[in-house]
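Morning. I will take a few minutes on one protein model, going from the whole chain down to single residues. Please have a look at it first.

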Amino acid sequence: MKIHLAKLIVILLASFTVSNAQKVSFTFNVDMNPTGLKVGDTVLNVGIRGSAYPLTWVNGIKLTDKNNDGIYSAKVDFDSDEHSEIYFKYVLNEVEWEGGEARNIQVSENIKFHNSEFKYVERPENPFKKFIGE
């Protein structure tokens, strides 16, 4: 009987904490036009990664450009009780991290979106080009 009572208490506590968590939604908008990539002609694979669940530094959340204007967006829900500050970066094609330090935002009921431009760092030319040709 004691084991069943303990399980019941754990289940009740877990459901209580989940139901009391405040969700804060952010819409992340990143303008890819300044990168010089053919954003109008090509669908880019743009993601966001970060320090607070559901963001992670390993796997990103994909951003989409539904109207083909070069601005990619994603709505992300965070638990305001767990995080007061979130660090994040945008990633292009799963491997090209934007340049500079990680961006950060404060979790707040007042902030609903974050607009920015992708900090694109062009890759240097292939150093082996002289050996392998064009």
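Before the overall numbers, one term: a residue is called buried if its relative accessible area is under 20%, and exposed if that value is over 50%. Also keep in mind that this is a predicted model.

By that cut-off, 31% of the 134 residues of the protein count as buried. The protein exposes about 9,300 Å², and 57% of that comes from carbon and sulfur atoms.

Now the layout. There are two helices and eight strands, and along the sequence they come in the pattern α-β-β-β-β-β-β-β-β-α. As for contacts, take those between residues at least 6 apart in sequence: 61% of them join residues at least 24 apart.

Next, one of the sheets. In which order do the strands of this open sheet lie? The order is S4-S1-S8, three strands with mixed pairing. Strand S4, residues 71-79, and strand S8, residues 113-117, are the edge strands, each pairing on one side only. On average, neighbouring strands here are turned by 20° against each other, direction ignored. As a reminder, strands of a sheet pair through backbone hydrogen bonds, either parallel or antiparallel. Strand S1, residues 23-31, runs parallel to S8, and five bridges join the two. If you want a place to look, find Val30, which stands opposite Ser116 in S8.

On to the aromatic residues. The structure holds seven aromatic pairs. One of them is Phe28 with Phe78, an edge-to-face pair at 6.3 Å centre to centre, with 80° between the planes. Phe28 is in strand S1 and Phe78 in strand S4, so this pair ties together parts that lie 50 residues apart in sequence. Both Phe28 and Phe78 are buried. They also belong to an aromatic cluster, together with Phe26, Phe88 and Tyr90.

Glu96 sits in strand S6, residues 96-97. Is Glu96 buried or exposed? Its relative accessibility is 16%, so Glu96 counts as buried.

Key: Residues numbered from 1 in each chain as written. Predicted model: local features only at pLDDT ≥ 70, side-chain atom pairs only at ≥ 80, totals over all residues. Heavy atoms only, no water. Pairing = 2+ DSSP bridges. Helix = DSSP H or I, 4+ residues; strand = E, 2+ residues; numbered from the N terminus. Axes fitted to C-alpha atoms, helices over the stretch in contact; angles between N-to-C directions. Buried < 20%, exposed > 50% of the residue type's maximum accessible area, 1.4 Å probe, protein only. Contact = heavy atoms within 4.5 Å. Areas by Shrake-Rupley, 256 points an atom, 1.4 Å probe, with all protein chains shown as cover. Phe/Tyr/Trp six-rings, centres within 6.5 Å; stacked < 30°, edge-to-face > 60°.
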